[in-house]
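Open the model in a viewer with the sequence panel beside it. The tour below goes stop by stop, saying what to select and what is there.

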Amino acid sequence: MAEFGLYIHIPFCERVCIYCDFYVTTARKHMDGFTQALMKEITLYAQRYPDASLRTVYFGGGTPSYLPAENLNTIMNQLRSSFDINQNAEITLEANPNNLSYDKLRDLRDIGINRLSIGVQSFREEDLKFLTRNHNSNQASESINYTRAAGFDNISIDLIFGLPEQTLITWEQSIAEALAFNPEHVSVYNLTVEERTHLNKLVQQKKIRVQDEEIEREMFLKTVQTLTKAGYEHYEISNYAKPGFRSQHNSSYWQGLSYLGLGPSAHSFHDERRWWNVRDINKYIEILNADGVLPIDMTEELNVQQECMEYIFLNLRKKEGLDIGEFEKIGGFNFFETFKNPLEKCKEFIIGDNGRVRLSDKGFFLYNKICEEFVSAL
Ligand code: SF4
């Protein structure tokens, strides 16, 4: 019997943030059509995997909290009637502070959401304006208080560092403000300038300068130090959890477990194959309504080399690092011989123990560069 983590991409946002590279749309008028199409997609997957059970459910986006509670309830009911959802399954919803009224939160609890990932990003007004977020710092604080009042005992706060005008001091203040709410989980991302974003245009036009890499490194190391001292386990490059509160859904990606992704642009992985849906919401709705088939854009069968690359990418993100024996089973070649050069070149950032190889904190900051070294040796 196949077991999956289920991801649902809710692509709606009130506005598109300057740095956002996800597939999103501001066309609210599609919300009901999208919900109906998604119901069909759920049914089609239940037919494809009739004995499947769901380990976790994750509503990501976009801004899932922007979708009315009735639509989310309809989706959850469809999932329950189509799949066997594990008892005590983690059911996460990504939320923006400006959508989190006390009443909405009560509704979300009633629907069965038991974990919230809140896109706070910063508690500083200037940072939120720069990021063109749709909430202010008061709303951020207020919404977190409401989550507790509504009975949520598993929340994650998202923060972003590396903004051009951020300093080490203002960044530390943002972390301290987040910790004051004693969240079970904190995700901390380094602002990156993605090609398809408005931020990239402004950087190209030299209207915005990017943050200095040395300052970003200091911010990252300060974050690790502060959150670890506060009792959080740094279990993945960007993720920190109180004991027992690692994100089960996201952890399953890094463990290479099977997952299904529903909704426009969502990715799936099962049986060494990955596939992804069409990005465009109109196409997504049209394919499900008119053709009654899964709205898959592309499927890719992983060859051994790709499997090895995937294994390195995923496992070097984790605190536990990669298991050399497991890697050799996948690749069929000797780890130390194959990676002699990258291991030597990156040795000050790599820790080896008990048949595993993992990155140090400084290595985590250089994750992309180190992965490139490994991959080029394959
Ligand atoms: S709220 Fe999130 S998903 Fe929506 S535009 Fe902003 S960054 Fe992108």
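## Stop 1: helix H5

Select H5 and colour Ala140, Ser143, Ile144 and Thr147, which are the buried residues of this helix. Around the helix axis these residues cover an arc of only 100°, which puts them on the same side of H5. An α-helix has 3.6 residues a turn, so residues three or four places apart point the same way. Keep in mind throughout that this is a predicted model.

Now turn to the other side of H5, where Asn138, Asn145 and Ala149 are exposed. H5 has 13 residues, and its first and last C-alpha atoms are 19 Å apart, close to the 18 Å expected at 1.5 Å a residue.

What do the buried residues of H5 pack against? Show helix H3 (102-111), E4 and E5 to see these partners.

## Stop 2: helix H6

Select residues 168-179, which form helix H6. The helix has twelve residues and spans 17 Å from first to last C-alpha, close to the expected 16 Å. Its buried residues are Trp171, Ser174, Ile175 and Ala178. Look down the axis of H6: the buried residues fall within an arc of 95°, so they line one face of the helix. Ile169 and Ala176 are exposed on the face turned away from that buried side.

## Stop 3: the ligand

Select the ligand and the residues that surround it: Cys13, Val16, Cys17, Cys20, Phe22, Val24, Gly61, Gly62, Thr63, Asn96 and Gly119. How many of the residues in this shell are nonpolar, polar and charged? Six are nonpolar, five are polar and none is charged.

Stay with two members of the shell, Gly61 and Gly62. They are joined by a cis peptide bond, with omega at about 25°. Gly62 sits in the loop that runs between strand E2 (53-61) and helix H2 (69-82).

## Stop 4: two residues with positive phi

Most residues other than glycine have a negative phi, and most peptide bonds are trans. Select Thr132, which is not a glycine but has a positive phi of about 55°. Its place is the loop between helix H4 (125-130) and helix H5 (137-149). Thr132 is partly exposed, with 14 other C-beta atoms within 10 Å.

Next select Asp271, another non-glycine residue with a positive phi of about 55°. Asp271 lies in the loop between strand E10 (267-270) and strand E11 (273-277). Is Asp271 buried or exposed? Asp271 has 9 other C-beta atoms within 10 Å and is therefore exposed.

## Stop 5: the two domains

Colour the chain by its domain assignment, which gives domain 1 (3-254) and domain 2 (304-376). The centres of the two domains, taken over C-alpha atoms, are 28 Å apart. Where they meet, ten residues of domain 1 are in contact with eight residues of domain 2.

On the domain 1 side, H8, strand E7 (233-236) and helix H9 (248-254) each supply at least two of the touching residues. H8 gives the most, with four residues. By class, this side of domain 1 has seven nonpolar, one polar and two charged residues.

## Stop 6

Within domain 2, select helix H11 (residues 304-315). H11 has twelve residues and reaches 16 Å from its first C-alpha to its last, close to the expected 16 Å. Cys308, Ile312 and Asn315 are its buried residues. Seen down the axis of H11, they fall within an arc of 90°, so they line one face of the helix. Their cover includes strand E13 (322-323), helix H12 (324-331) and helix H16 (367-376).

End at Ser360, in the loop between strand E15 (356-359) and helix H15 (361-365). Ser360 counts as partly exposed because it has 13 C-beta neighbours inside 10 Å. Leaving aside neighbours within four places in sequence, Ser360 is in contact with Phe349 and Ile351. Glu348 is twelve residues from Ser360 in sequence, and their C-alpha atoms are 8.4 Å apart.

Technical notes. Residues numbered from 1 in each chain as written. Predicted model: local features only at pLDDT ≥ 70, side-chain atom pairs only at ≥ 80, totals over all residues. Near = placed C-beta within 6 Å. Nonpolar A, V, L, I, M, F, W, Y, C, P; charged D, E, K, R; others polar. Expected span 1.5 Å × (residues − 1). Buried ≥ 20, exposed ≤ 12 C-beta atoms within 10 Å, placed from the backbone. Arc of directions from axis to C-beta. Contact = placed C-beta atoms within 7 Å. Domains from an automatic or database assignment.
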